Amino acid sequence: MLKKIATVSLVVLMVLGLATVGMSQISTQNKKDLYSEVELFSYALATVQSEYVDEKSPQDLIYGALRGMLSGLDPHSQFMDPDEYNDLKTETAGKFGGLGVEISLKDDLLTVIAPVEDTPAWRAGIKPGDRIVKIDKEVTRDMNLDDAVKKLRGEPGSKVTITVFRESNDTVKQFVITREIIHVDDIKDPHLVDDRIGYVRLTEFTEDSYTELHKALEKLKSQGTDSLILDLRNNPGGLLNVAIRIAQDFLPAGKTIVSTKGRHPAQDTMAKSDNSNGDFIHWPMVVMINEGSASGSEIVAGALRDNKRAILVGVKSFGKGSVQSVIPLPDGSGLRLTTAKYFTPSGVCINGIGITPDVVVEDPQDVDDGGDDTKSKPEPEDADDVFLKLEGKEDINKFLSSKEKKDAQLLSAINVIKTIRIDRQFQQ
């Protein structure tokens, strides 16, 4: 028994040794408290190894302890074994067999942030906010994100059955979805939606997003665009530096875009715009968001709203405002650890809260007609009642497709732009 305690204690001390750098920033009293608790942890670990009905290796026990410790912090922190860590490093490769859905843990439930447009999940009818309660026949209660992602991914052409609870109408729905190679186009359909009003949809923030968006804006500019609707609905986020670059394209130099705050001064940062271009900073602008807009989308939306550069239209965003650092461990495993939180220029942390738009317009397409149990949402305020009194509907109908005419949020966005134009005329 003593030999086993010594063996396991050595493993514990090896794990603790990985945190030497971090420990240097912890007060002496906290170090004493931590080491006093390690004795209890070591004893429990040795007892489990000695007395548990099935023999477990020290690595199994340590990995299990690390999983439990990280999962108890927040939904986005987690321990990754070497295979999971390698999977994480290949996640951004751009092509994989899957459904095309971004998921997170919200209220301890596996939750859809957003389906990616033109992917199997999108076509099947998965919606932002859907709670995934089963993957095939396995209940997802207490399932971590990595395990869920592994079960959703698979060989292209294979099928997976997912069961969701949709809170908007208190229904449970089952979807059988065929996996595909997922290739995401960052920019969707830049075009004029009305006289000189450009529209562009950004689906995520990847390494190519800034370049592709800039090309789309230049194209719209060449077509006579002088106003912009930036659609960030169902955009789950991505790379922070790309979100910052995109935001500063619409801001004068010296404006705060986002700040981060952590436990240590080195984690406190503030990003400001350094705009040497200035081509788009005077365009009247609307940013569209919904419950599928998260992370980078919320950074852009918050920066443009707080700096009075854009009006937000839609519904409240997801509320993903934390920074995760990926920390490799010597044996090839790794930690994904929340180390800071995002703050908008006005100093608001949107983590777990989201951003409420200036003009709240529910999307009628989000109201499901799922049978007798469907609970309809309140009717959204029609765009005609809000802004169309200012200018004729005929002008809008001339440009909009039949699909766009059904989009109450887009109609409201168009008319917000028209209102801004009228306001500027009065101020001249």
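1. Basis. This is a predicted model, in which local features need pLDDT of at least 70, side-chain atom pairs count only at pLDDT 80 or more, and totals for chains, interfaces and linings use all residues. Residues are numbered from 1 along each chain as its sequence is written, and side-chain values use heavy atoms, leaving out hydrogens and water.

2. Overall build. The chain has 14 helices and 19 strands (DSSP runs, H or I of at least four residues and E of at least two, numbered from the N terminus). Of its 428 residues, 46% are buried (under 20% relative accessible area, 1.4 Å probe, protein chains only; exposed is over 50%, partly exposed in between).

3. Surface. The accessible surface is about 21,900 Å² (Shrake-Rupley method, 1.4 Å probe; for residues, only the protein chains shown count as cover). Carbon and sulfur atoms account for 52% of that surface.

4. Tyr52. Tyrosine 52 sits in the loop between α3 (28-51) and α4 (58-71). Its relative accessibility is 44%, so tyrosine 52 counts as partly exposed.

5. Helix α7. Residues 145-152 form α7, and its buried residues are Leu145, Asp146, Ala148 and Leu152. They lie on the same side of α7, because they cover an arc of only 160° around the axis (taken from the directions from the helix axis to the C-beta atoms). An α-helix has 3.6 residues a turn, so residues three or four places apart point the same way.

6. Start of α7. Here a side-chain oxygen of asparagine 144 comes within 2.7 Å of the backbone nitrogen of aspartate 147.

Technical notes. Polar contact = N/O pair within 3.5 Å; in protein donor to acceptor, adjacent residues only side chain to side chain.
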